[in-house]
Amino acid sequence: MLARKGLVPEEYVLRLVEDVSRPRYRAPERKVRFVAKNGGCNVAHTNIREQGRFLQDVFTTLVDLKWRHTLLIFTMSFLCSWLLFAMMWWLIAFAHGDLHRAGGQAGAVPCVTSLHSFTSAFLFSIEVQVTIGFGGRMITEECPAAITVLIAQNIAGLVINAIMLGCIFMKTSQAHRRAETLIFSKHAVVAPRNGRLCFMCRVGDLRKSMIIAASIRLQLVRRTATAEGEVLPLDQIDVQVDGPLGGSGIFLVAPLIIAHTIGPASPLYPLSAADLHRRHFEVVVILEGVVETTGITTQARTSYLAEEILWGRRFVAVVSHEDGQYSVDYSKFGNTVAVPMPADSPGQPEDGAGPPAPRARAATFDIFPPE
């Protein structure tokens with residue numbers, strides 16, 4: 001304070017300075033995922049100006065809402081309809097003079113028997129819409145308006161029941177519920193298979209009911225830039241799956257290892273073991289199929305960042321033959337073992353072998369630009 005006011009020179013003020021000789025701990029930068037491990041997409045939609053488009057498809061909007069919002073709408077729709085028609089029944093009784101007849105008059109037939117207040121009108125509205133019919137209150141043929149309101153309330157009650165019960169049924173039987181029992185390995189591996197370097201991950205189904213016409217797709221998501229300088233934050237590149245696993249006939253009765261050969265045409269061709277620690281990309285795995293029991297199409301997703309890919313390891317076997325049948329040990333589902341392999345990628349030559357091939361150099365520039 002004295003130095004700030006100019007009373008004490010700056011060189012006589014004791015200052016607390018940082019000790020630059022001691023290294024400072026800095027937490028590693030957290031990389032952003034495009035697809036979470038549980039399959040959720042990490043994309044936020046903001047600044048949507050045309051909110052009215054969601055009301056054009058009310059049923060889908062109700063299904064996409066959270067459970068607390070759906071139950072709130074479900075309850076309020078019934079309460080509001082009961083109160084609305086209770087007001088109509090009270091007005092009909094008031095216009096006919098039924099509310100002013102204390103204990104009833106001889107020869108006077110009311111529109112609705114035993115309706116003398118708004119509370120009794122509300123109870124009668126509930127009885128009509130949910131077809132309870134306790135027998136204490138009933139409509140007569142005295143008022144045609146009451147018959148019209150009875151028909152309108154029955155139709156409105158059927159429409160509300162159909163919409164809300166259908167919405168709740170769709171929420172309880174959504175396709176992503178079946179995907180909860182479709183599991184993926186926590187890590188992916190890069191190891192040789194049949195003399196070729198392959199990117200591999202494992203997928204399994206915990207239920208005995210199968211996924212019909214299942215298919216597997218792999219995509220590489222990476223931030224790239226074009227030759228014209230256009231930046232693509234989420235450039236999605238298809239990764240070819242080996243063998244029949246890329247088709248629509250996967251027999252997922254036991255865990256399968258999904259493999260991709262890292263050849264000259266592969267977007268992973270220029271990678272090496274060192275690149276897995278200094279490159280930022282993401283491999284998305286998508287499993288699609290039809291649920292055998294319900295016939296609903298389901299989709300399970302996961303992703304692997306660069307640090308979640310293990311170089312030089314392969315998955316251990318989980319299927320064994322015991323007592324005349326095949327047994328799957330899911331405790332070893334994500335276990336891996338080390339295998340001997342070179343540290344360099346197929347696109348990078350060994351020391352003294354000359355410059356990299358043109359294909360590998362082009363792939364390095366297009367897919368994995370420098371940070």
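Predicted model: local features only at pLDDT ≥ 70, side-chain atom pairs only at ≥ 80, totals over all residues.
Student: Which helix is Trp 90 in?
Tutor: Trp 90 belongs to helix α3.

Student: And how far is Trp 90 from Ser 125 in space?
Tutor: The C-alpha atoms of Trp 90 and Ser 125 are 9.9 Å apart. In sequence, 35 residues separate Trp 90 from Ser 125.

Student: What about Trp 89, is that buried or exposed?
Tutor: Trp 89 is buried, and Phe 124 is buried as well.

Student: How many aromatic pairs are there in the whole structure?
Tutor: A search of the whole structure turns up five aromatic pairs. One of them joins Trp 89 to Phe 124.

Student: What's the geometry of the Trp 89 and Phe 124 pair?
Tutor: The Trp 89 and Phe 124 rings are edge-to-face, with 4.9 Å centre to centre and 80° between the planes. An angle over 60 degrees is what puts a pair in the edge-to-face class.

Student: Which helices hold Trp 89 and Phe 124?
Tutor: Trp 89 sits in helix α3 and Phe 124 in helix α4, residues 118-129, so this pair ties together parts that are 35 residues apart in sequence.

Student: Which residues do ring pairs link into a cluster?
Tutor: Phe 74, Phe 78 and Trp 82 are linked into a cluster by ring pairs.

Student: Back to α3. At what angle does it cross α5?
Tutor: Helix α3 spans residues 67-96 and helix α5 spans residues 144-172; their axes cross at roughly 175° and come within 11 Å. That angle makes α3 roughly antiparallel to α5.

Student: What sort of residues make up the contact of α3 with α5?
Tutor: The contact of α3 with α5 has 19 nonpolar residues, six polar and one charged.

Student: What lines the largest cavity?
Tutor: Its lining consists of Val 190, Phe 199, Ile 262, Leu 268, Leu 271, Leu 276, Ile 309 and Trp 311. By class that is eight nonpolar residues, with no polar and no charged ones.

Student: Which elements give two or more residues to its lining?
Tutor: For the second largest pocket, those elements are α6 (175-178), β1 (182-184) and β8 (297-305). Strand β8 gives the largest share, five residues.

Student: How many residues line the second largest pocket, and which lie nearest its centre?
Tutor: The second largest pocket is lined by 17 residues; Asn 38, Gly 39, Ala 179, Ala 300 and Arg 301 lie nearest its centre. The lining of the second largest pocket splits into six nonpolar, eight polar and three charged residues.

Student: Where's Phe 333?
Tutor: Phe 333 is in the loop between β12 (325-328) and β13 (336-338). With a relative accessible area of 7%, Phe 333 is buried.

Student: How far apart in sequence are Phe 333 and Val 203?
Tutor: Phe 333 and Val 203 are 130 residues apart in sequence, and 8.8 Å apart in space from C-alpha to C-alpha.

Student: Last one: where is Val 58, and how far is it from Ile 163?
Tutor: Val 58 is in helix α2, residues 58-64. Val 58 and Ile 163 are 9.8 Å apart in space, C-alpha to C-alpha, and 105 residues apart in sequence. Val 58 counts as partly exposed, at 46% relative accessibility.

Conventions
Residues numbered from 1 in each chain as written. Heavy atoms only, no water. 1 Å grid on protein atoms, 1.4 Å probe; cavity = no way out; pocket = protein on both sides within 12 Å on 5 of 7 lines; lining within 4 Å. Helix = DSSP H or I, 4+ residues; strand = E, 2+ residues; numbered from the N terminus. Nonpolar A, V, L, I, M, F, W, Y, C, P; charged D, E, K, R; others polar. Axes fitted to C-alpha atoms, helices over the stretch in contact; angles between N-to-C directions. Parallel < 35°, antiparallel > 145°, perpendicular 65-115°, else oblique. Phe/Tyr/Trp six-rings, centres within 6.5 Å; stacked < 30°, edge-to-face > 60°. Buried < 20%, exposed > 50% of the residue type's maximum accessible area, 1.4 Å probe, protein only.
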